[in-house]
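Hi,

Here is the structure I said I would pass on. Have a look at it first, and then read on for what turned up.

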Amino acid sequence: METIIKEINDRLEKIITTTIKKGDVQDAMLYSVMAGGKRLRPLLLINTLRSYGVDYHPYLDAACAIEMIHTYSLIHDDLPGMDNDDLRRGKPTCHKQFDEATAILAGDALLNESMNVILRMNINNDLKIHLLQILYKASGMNGMIYGQQQDMYFEKHQATLEELQDIHHYKTGCLIAAPLAMAGAICAPADQEKLSDLGFTLGLAFQIQDDILDVTSDTETLGKPVGSDIENHKSTYVSLLGIEKARAYEEQLFQSCLEKVYGLTFNHGLMIEMINKVMKRVN
Ligand code: GRG
C-alpha cells in the first residue's frame, strides 16, 4: 500500500508542477494536494482494480483526478464563508497559508484540471466519457455539492437521523462510491451497481467514524466535553444517537461492508484490507 501511495503522490506532484502555469495558484494547489492526505479515494479505485487482477497503472491519473476534486472540496470547505477553519491536517489551511482569493482559485483550478487529467488519459473515448460521467455526477450538484448545501442548511436547523444520513450520502458518500463505480466501469461493468452500493455503505461508516473521532479527539486533545457539537446546534451521529449507539451503528455498517465485499467475485482479501484501512484510521 505504501508503494502505491508514493506512486499517487509522485504522479499528483508531477501533474501539478508540469501541466499548468506557474504562480501563486499553482503553489497553493501543490501546497494543499501535498499536505499529507490519506489518499483513501485513489486507493479505493486502485485497490478495486487490483482486486479484479487488473493493472492499475493505465488508470493512475483517474485516481489522481479524484484526489484533486477531494482536495478542492476541502480547500473550499475551510474558507471563511464556509467552515472558516485555520488548520487542516495539522497545517494552516490554504487561505491561511496564502490568501482567500488564491485559495478560491486553487480550489476552482483543481476541479477544472482534474477534468483535463482524465481527458488526457490514454484510454478509449467511451471509457473516458463513462469515467467523466461518474466522477462529475458524484462531485456536482446531484452529489457532493448538494450534500454540502444540505449540510449548511442543517447548521441552522435541527436534522433528524434520516436527514443526517441524506447529507452524508451526498457530501461524503458520493466521492467514496465514485472510485468503486469507476473501477467497475473500467473492468467489471456488471458489478458497477454493487460496487457503488458498497462505496455508499463505506462512506456512511467513514462519516460516523469521523463524528466519533471528532468528539474523542476533542476530549483527548482539547478537553472539550463529549457531544460538544450539540452546543453548536450541529447534528452529528454522536449528538443524535450518543457515542455508544453511534459506535454500534458504525460496527453494523462495517459488517455490512464485509458482506457486500463477499457478494462480489474478486480478490476479497485486498478489499477487506482496504476497508480495514478506512475503518481503523485515527485521523
Ligand atoms: C465545498 C463543494 C464543497 C464540498 C465540501 C468533503 C466536503 C464537502 C467537506 C469536507 C468536510 C468534511 C469533514 C467532510 C466529511 C468527510 C471527510 C471526513 C473528509 C475528509 O476526508 P479524509 O479523511 O481527508 O479522507 P484526508 O485529509 O485524509 O484527505
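Before the helix pairs, a word on handedness: a crossing is called left-handed if the near helix is turned anticlockwise from the far one by less than a right angle, and right-handed if clockwise. Also keep in mind that this is a predicted model.

Helix 12 (residues 243-262) and helix 13 (residues 268-279) make a right-handed crossing. Their axes come within 10 Å and cross at roughly 160 degrees. Angles over 145 degrees count as roughly antiparallel, and helix 12 and helix 13 are therefore roughly antiparallel to each other. On the helix 12 side the contact uses Phe254, Cys257, Leu258, Val261 and Tyr262, and these meet His268, Met271, Ile272, Ile275 and Met279 of helix 13. By class, that contact has 9 nonpolar residues, 1 polar and no charged.

Next, helix 8 and helix 9. This crossing is left-handed, with the axes 7 Å apart and an angle of about 145 degrees. Helix 8 brings Met144, Tyr146, Gly147, Gln148, Gln150, Asp151 and Phe154 to the contact, while helix 9 brings Glu163, Asp166, Ile167, His168, Tyr170, Lys171, Cys174 and Leu175. Here the residues split into 7 nonpolar, 4 polar and 4 charged.

Then there is helix 2 (residues 24-33), which packs on helix 6 at about 70 degrees, the axes being 9 Å apart. Since 65 to 115 degrees counts as roughly perpendicular, helix 2 and helix 6 are therefore roughly perpendicular to each other.

Now zoom out to the domains. The protein is divided into domain 1 (1-122) and domain 2 (125-283), and their C-alpha centres lie 19 Å apart. How many residues of domain 1 are in contact with domain 2? There are 25, and they touch 24 residues of domain 2. On the domain 1 side, the elements giving two or more residues are helix 3 (40-51), helix 4 (60-78) and helix 6 (100-119). Helix 3 supplies the largest share of that side, 11 residues. As for class, the side of domain 1 that touches domain 2 has 17 nonpolar, 5 polar and 3 charged residues.

Last, the ligand. It is surrounded by 15 residues, and the closest are Gly37, Lys38, Ser73, His76 and Asp77. Two or more residues of the shell come from each of helix 4, helix 8 (144-156), helix 9 (161-187) and helix 10 (192-222). The largest share, 4 residues, is from helix 4. Which domains does the shell draw on? At least three residues come from each of domain 1 and domain 2. The shell divides into 4 nonpolar, 6 polar and 5 charged residues.

Cheers

Conventions: Residues numbered from 1 in each chain as written. Predicted model: local features only at pLDDT ≥ 70, side-chain atom pairs only at ≥ 80, totals over all residues. Domains from an automatic or database assignment. Contact = placed C-beta atoms within 7 Å. Nonpolar A, V, L, I, M, F, W, Y, C, P; charged D, E, K, R; others polar. Near = placed C-beta within 6 Å. Axes fitted to C-alpha atoms, helices over the stretch in contact; angles between N-to-C directions. Parallel < 35°, antiparallel > 145°, perpendicular 65-115°, else oblique.
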